[in-house]
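This report goes through one structure, taking its pocket, its sheet and its nonpolar cores in turn. Please keep the sequence at hand while reading.

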Amino acid sequence: MPVEETQKATAVVADTAKSVAVSTGQEIKNLLHLDDLRKFITWENLMHVVVSIITILIFYIVYRVIKGIIRKKLSVTMKPATVQVFSKIISYVFYVLMVMYVLGLFGINLSAIWGAAGIAGVAIGFAAQTSVSNLISGLFVVTDKAMKIGDFIEVGDISGTVDSISFLSVRVHTADNQLVRIPNSTIIDNKLKNYSTYDYRRYVFEFSVDYASDLDKTLEAIKQVPARCPTVVTDEGHEPAVWYVALGESGILMNLIVWCKRTDFFQTKSDVCANVAKVCRENGVNIPFNRMDVTILNDKTMPKA
């Protein structure tokens, strides 16, 4: 091949390679928006970024200090669960304000975002009415202070010890050690019993005695029961009481009322039941109970049709 033709072919290849390289570089620039990025990266914008980072750090430090002071002040007058909820609210408010601040620095129209958020909020509200109801009920549960972590509560047919209190639900573990999640709306809509609020509990033991019993003797005998139960409290304001309450179908109904510490309730029930039976047996007092007579018929005694 002549030298001139070789030089021409080489020049064509070089031009083609150069053209491909230029077009490839342009495509990469377009893909990565390098030109736009170069326009954006100016000294003014860099200063905005630096100032924003410094401002956010200052706000974060101030937020941590304010949060710590509020938690310390609230912990004096409020329960730990309430303090935890207020702490979460403060954190959420801080994060929202920081996001709005950063978006405003970059010139993003916040009014449009708020409009879109409002529309999205309405749609989410219709789609999650139960969750919103639980959230609103959670605010009442927290501010009502009807329970705290560690209390033994009863809601409907569920009873257990409170493990956690959140915006949406209360978690308890039952006496048989099962985890149960109770929605806050259920707590608001039903009666809540808190067995841990007060130190003492009253126990009413109901039973009956035979109509043939000596009523005065029976009353004096039953009054001996509280003294035989070690867990029964007999101080002022918690005195035991015994009286007749009604005439039943098979006997005279009586109530023995005693007080005990909250932690001794089940032991007290057992002691009272056992000692009532013992005292009645010792004093000849009959506790009536249903009896059933069974007659066995054979072929000889069975009546013929």
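The largest pocket holds about 210 Å³ of space, a volume being the space filled by probe spheres set on grid points that are joined across faces, edges and corners. On a 1 Å grid over the protein atoms alone, a pocket is an open set of points where a 1.4 Å probe fits, with protein on both sides within 12 Å along at least five of seven lines, and lining residues have an atom within 4 Å of a point. Among the residues that line the largest pocket are Phe 152, Glu 154, Arg 201, Arg 262 and Lys 269. The elements giving two or more residues to this lining are β1 and α10, and α10 supplies the largest share, three residues.

The model is predicted, so that local features need pLDDT of at least 70 and side-chain atom pairs count only at pLDDT 80 or more, whereas totals for chains, interfaces and linings use all residues. Residues are numbered from 1 along each chain as its sequence is written, and side-chain values use heavy atoms, with hydrogens and water left out.

Five strands make up an open sheet in the order β4-β3-β2-β1-β5, with antiparallel pairing; two strands pair if DSSP finds at least two bridges between them. β4 (179–183) and β5 (192–194) are the edge strands, each pairing on one side only. Strand β3 (residues 169–173) pairs with β4 over five bridges, and Val 170 stands opposite Ile 182 in β4. Gly 156 is found in the loop between β1 (152–155) and β2 (158–165), and its C-alpha atom is separated by 9.0 Å from that of Lys 193, 37 residues apart along the chain.

A nonpolar core is a set of buried Ala, Val, Leu, Ile, Met, Phe, Trp, Tyr and Cys residues joined through side-chain atoms within 4.5 Å, where buried means under 20% relative accessible area. The largest such core has 22 residues, and Phe 205, Phe 207, Ile 222, Met 254, Leu 256, Val 272 and Val 276 have the most contacts inside it.

Definitions and conventions: Helices (H or I, at least four residues) and strands (E, at least two) are DSSP runs, numbered from the N terminus. Buried means under 20% relative accessible area, exposed over 50%, partly exposed in between (1.4 Å probe, protein chains only).
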